[in-house]
Amino acid sequence: MSFPATAVITGASAGLGREMAIELARRGTRLALVARGEEGLRETARLCVAAGAVEPIIVTADVTRAEDCVRLVNESAAGLGTIDCLINNAGQSMWAPFESVDDPAIFQRLMAVNYLGPVWCAHASLPHLRRSGGMLVMIASVQSKIGAPYHTGYTAAKHALEGFTESLRMDLDGSGVGILTVYPSWISGTRLRHSSEGKNGNGSDKGSDAVSSMDCARRIVGAIERRATSLFIPRWMALLPFFRWAFPSLLRHFVLRKVKRYHE
Ligand SMILES: NC(=O)c1ccc[n+]([C@@H]2O[C@H](COP(=O)([O-])OP(=O)(O)OC[C@H]3O[C@@H](n4cnc5c(N)ncnc54)[C@H](OP(=O)(O)O)[C@@H]3O)[C@@H](O)[C@H]2O)c1
């Protein structure tokens, strides 16, 4: 498969999902846009058409429900004819010290949206991706590789996604299906920190070293085109696993200081 002619994007009603949709629309990809919020999806669809796309398919679905994941893939496949690319992007973060969390059910919700949703969507879409020789894109996080304060449940779910994806790569060896894992650090221009789970849940967006969601989207679409297997945003973050292995205390100190700065 060359550049994907069709793509399904979860979490396309806002943030990075919306920007990836617009970027793919510019390149002529026909899209199925998925999220819970129909209004946000309609706005993304409008922006995609303005960018030159044919009218995208809109599927309202909650990826924390297994039956919704099957339905969203079926409706997308029926509307698009094929699925060349599935982008598992829907996600939710947290922003609270572990002991301040009053409702432990948030850990279940974070696991459902950040881990189980992508697993269920991947499972339902793989027959289509095998037929098209397509690509499965996992929007993970640098927190798939390291820990971070106030993010216990989110980091755990993104680590689970990483373990799942690395094993799936081996299951799919020789299948013709490509897997791209994306590890962004801070992204600006999204709602993620404002919709975080947790008692102290309003982490701010003031990081000056954040990469814009538009820039992120461009880099991700470029990586899809190259059929890359991983993408760190920014690129130097690829050194994190090495730092975690070689200088674990130093890395913890650095991350703690950096994240706490945004918390105060
Ligand atoms: N922002 C960052 O700094 C950052 C850093 C690293 C990784 N990431 C990852 O990037 C991805 C996109 O995040 P973002 O920053 O663009 O966040 P965002 O602006 O909050 O967008 C999240 C998207 O996910 C959708 N979503 C949330 N829960 C859902 C559910 N249960 N079912 C279906 N859709 C759901 C939301 O739509 P509805 O509410 O309409 O359903 C929205 O479209 C996430 O996987 C996130 O973990 C972000």
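Around the ligand sit 31 residues, and Ser 13, Arg 36, Asn 89, Tyr 154 and Thr 190 come nearest; a residue counts as near if one of its heavy atoms lies within 4 Å of the molecule. The model is a predicted one, in which local features need pLDDT of at least 70, side-chain atom pairs count only at pLDDT 80 or more, and totals for chains, interfaces and linings use all residues. Residues are numbered from 1 along each chain as its sequence is written, and side-chain values use heavy atoms, with hydrogens and water left out.

| Residue (backbone N or O atom) | Distance to a ligand oxygen atom |
|---|---|
| Gly 11 | 3.1 Å |
| Leu 16 | 2.8 Å |
| Asn 89 | 2.8 Å |

The protein covers 96% of the 890 Å² of accessible area that the ligand has on its own (Shrake-Rupley method, 1.4 Å probe). H1 and helix H5 (152-171) are the elements giving two or more residues to the shell around the ligand.

Now to helix H2. Its 13 residues, 38-50, reach 18 Å from first C-alpha to last, close to the 18 Å expected at 1.5 Å a residue. Gly 40, Leu 41, Thr 44, Ala 45 and Cys 48 of H2 are buried, meaning under 20% relative accessible area, while exposed means over 50% (1.4 Å probe, protein chains only). On the face of H2 turned away from the buried side, you will find the exposed Glu 39 and Ala 50. After H2 comes Gly 52, with a positive phi near 115 degrees.

Methods. Helix = DSSP H or I, 4+ residues; strand = E, 2+ residues; numbered from the N terminus. Expected span 1.5 Å × (residues − 1). Polar contact = N/O pair within 3.5 Å; in protein donor to acceptor, adjacent residues only side chain to side chain.
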